[in-house]
Amino acid sequence: MTWETVIGIETHVELTTASKMFCGCPVDFGAPPNTNVCPVCLGLPGALPVVNGRAVEYAMTIGLALNCSIAPHSVFARKNYFYPDMPKNYQISQYDEPLCVAGHLDVDTDGEVARIGITRVHMEEDTGKSTHVGDGGRIQAASHSLLDFNRAGVPLMEIVSEPDLRSPEQARAFVAELRGVILRLGVSDAKLEEGSMRFDANVSLRPSGSTEFGTKVEVKNMNSLRSLQRALEHEVERQQALLDAGEPVVQETRHWNEDAGTTSGMRSKEEAFDYRYFPEPDLVPVEVDDAWRERVAGALPELPAQARARYASAGLDPVAADLVSRDPAAGTIFEEATAAGADAQTVANWLTGEVTALLRRQDLSLEQSGVTGAGLAELAEMVDDGRLSASAAKEVLAGVVAGEGNPESIAAERDLIQVSDVSALEPVVEEVLAANPDAVAKLHEGDGKVIGFLIGQVMRATGGKADPAAVTAILRGKSA
Amino acid sequence: MPVEIDIAKVARLARLSLTDEQLERYRVQCEVVLEHAARVQALPTEGVAPTSHPLPRTNVFREDEVAECLDREEVLAAAPDRDGDYFLVPRILDE
């Protein structure tokens, strides 16, 4: 029997507003524990939440960018549960009347475009952060937990896809594209490692050709695109082995273990969660009229798909087009460099190749590095002028990434500038010719191979700094 | 309009530890409330929009501005237990 993979993804994105969803505490990653808290986000008796208007706008922005309908009327609800990461014992969330519904996102996997449905985008608040103490931090074996409520109440968007994804690879492409959209919108920093963008996946298999869904398993704890794909590949294999052996798949939540490369069951839901949702009595409904929706829609920036199409029509290869269309920092640098006259593909190659590799090695983000559009344009110009060789350009780029200064000063500092000035090279060439009369004779006999030897001699005499193209031109002139 | 309720489950969901006598007393009281709700539910409400909130107001928003937070010592003073700058709670999952 052949099986078809069915995947749906639930993504959570923390918004980069200044203050929390329902109170004025700052949204500030890395603040000392329990300092960004107030009576509202601590759930102290009598405290009343008030909705952050900007968070609603950001949520609409995400919904519109994902082609959703914006509900004219939406409400908040209380999701009740006992878990110490929410001091109120409930989370304010949207439930049966979310802000955005029925959208889609087109995802390109190796040139094959699939339209992935977006069920809904709703607003909620993030929970506090718990650290499990004892036995290596594993939740099941912890003796107790430490709580930091700085994150409790941070605006959180939940984006739910339809079960339209058909492979782990496509699921990864979907999340990469979604992250690109969020970054372009500028509503979240969407950092996977730091958890400002997180995702869970629902995976099931069904006989190929079937339209009914199989039993699904929820997989959690993937914190990179790579681990998402690996976890899903593992889960698909696990379910397929069960089904092929005629055994049932158990509906459960499974935890991805990055080091072991496997998933394990988290807990059996002997008593299914009963969140007892009810409308949040402390918050009035949100109503969006046409004028408000049109204003937000009109302010949408260029999205990755549009940017990618623009770059592709300018002749950029797909890998480069993906990077500069999804990563706004790379996109800005690319636009600035090409506007300053640098060749688009050259700049794109640096960004996708050398720069990406250097950043990874040094664990830096593009913003933290010294790379600027003006810097790359300057570097490209130096290569075009023949003042830098391709290999010297890479060395200069490493200096630029490390923030050592602009290309001109780095090249001077490291003594990498090529000499291509004829008047400077001419005397050196003369010296080399005078010292090698045999070679000169061969050159005049039309022996083309000897020119390589002579170029090598000039390079040696200049300590490798002569521009080989300029030296060749001079030598050809002499031999004519 | 009799309504049956699993009062033990309701107590469990609310993390309440009740005696048999209490369970029975609350079962009777809750069923009275639910019977009333059932009578309301039986009313003809086609064409009436569901009410999520009693006040005729919408779109009450706050500017996205940072306000003052509480002092951490004051906050942690109210905690049953602490470890340094953190709230300390018992282990979360039984397993």
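# Briefing: a two-chain predicted model

Thr263(A), in β15(A), is the bridge partner of Trp256(A). Helices (H or I, at least four residues) and strands (E, at least two) are DSSP runs, numbered from the N terminus. The model is predicted: local features need pLDDT of at least 70, side-chain atom pairs count only at pLDDT 80 or more, and totals for chains, interfaces and linings use all residues. Residues are numbered from 1 along each chain as its sequence is written, while chains are lettered from A and ligands numbered from 1 in the order in which they are written.

**Hairpin in chain A**

- Trp256(A) and Thr263(A) are bridge partners within a pairing of β14 (residues 253-257) with β15 (residues 262-265) of chain A.
- Four bridges join β14(A) and β15(A), and the two strands run antiparallel. Pairing requires at least two bridges found by DSSP between two strands.
- The two strands form a hairpin, with four residues between β14(A) and β15(A).
- Gly261(A) sits in the turn and has a positive phi of about 70 degrees.

**Contact between the chains**

- Chain A brings 42 residues to the contact, and chain B brings 32 residues. Contact means C-beta atoms, placed from the backbone, within 7 Å of each other.
- On the side of chain A that touches chain B, at least two residues each come from β2 (51-52), α1 (53-65), β10 (144-148) and β17 (286-287) of chain A.
- β10(A) gives the largest share of that side, five residues.
- That side of chain A divides into 24 nonpolar, twelve polar and six charged residues. Ala, Val, Leu, Ile, Met, Phe, Trp, Tyr, Cys and Pro count as nonpolar; Asp, Glu, Lys and Arg count as charged; the others, Gly among them, count as polar.
- β2(A) runs parallel to β1 (residues 61-62) of chain B, joined by two bridges.
- Asn52(A) stands opposite Arg62(B), a residue of β1(B).

**Sheet built from both chains**

- Four strands make an open sheet in the order β9(A)-β10(A)-β3(B)-β2(B), with antiparallel pairing.
- The edge strands are β9 (129-133) of chain A and β2 (82-83) of chain B, each pairing on one side only.
- β9(A) and β10(A) run antiparallel and share five bridges. Val133(A) has His144(A) of β10(A) as its bridge partner.
- Leu146(A) has Leu88(B) of β3(B) as its bridge partner. Leu147(A) stands opposite Phe87(B), also in β3(B).

**Domains of chain A**

- Chain A is divided into domain 1 (7-207 + 275-292), domain 2 (302-413) and domain 3 (422-479). These bounds come from an automatic or database domain assignment.
- The C-alpha centres of domain 2 and domain 3 of chain A lie 35 Å apart.

**Helix α6 of chain A**

- Helix α6 (residues 318-326) of chain A is largely enclosed by the rest of the structure, because seven of its nine residues are buried. A residue is buried with 20 or more other C-beta atoms within 10 Å of its own, exposed with 12 or fewer, and partly exposed in between; C-beta atoms are placed from the backbone.
- The buried residues of α6(A) are Ala320(A), Ala321(A), Asp322(A), Leu323(A), Val324(A), Ser325(A) and Arg326(A).
- Those buried residues pack against α2 (168-185), α5 (304-313), α7 (328-339) and α8 (344-362) of chain A.
- α6(A) packs on α8(A) at an angle of about 80 degrees, with the axes 9 Å apart. Axes are lines fitted to C-alpha atoms, for helices over the stretch in contact, and angles run from 0 to 180 degrees between N-to-C directions.
- That angle makes α6(A) roughly perpendicular to α8(A). The class covers 65 to 115 degrees; under 35 is roughly parallel, over 145 roughly antiparallel, and the rest oblique.
- α6(A) makes the contact with Val319(A), Ala320(A), Leu323(A) and Val324(A), and α8(A) with Ala348(A), Asn349(A), Leu351(A) and Thr352(A).
- The contact of α6(A) with α8(A) has six nonpolar, two polar and no charged residues.

- Asn221(A) is not a glycine, yet has a positive phi of about 75 degrees. Asn221(A) is found in β13 (residues 217-222) of chain A.
- Asn221(A) has 16 other C-beta atoms within 10 Å, so Asn221(A) is partly exposed.
- Arg15(B) is not a glycine either, and has a positive phi of about 55 degrees. Arg15(B) lies in the loop between α1 (7-13) and α2 (20-41) of chain B.
- Arg15(B) counts as exposed, because Arg15(B) has 8 C-beta neighbours inside 10 Å.

Technical notes
Contact = placed C-beta atoms within 7 Å.
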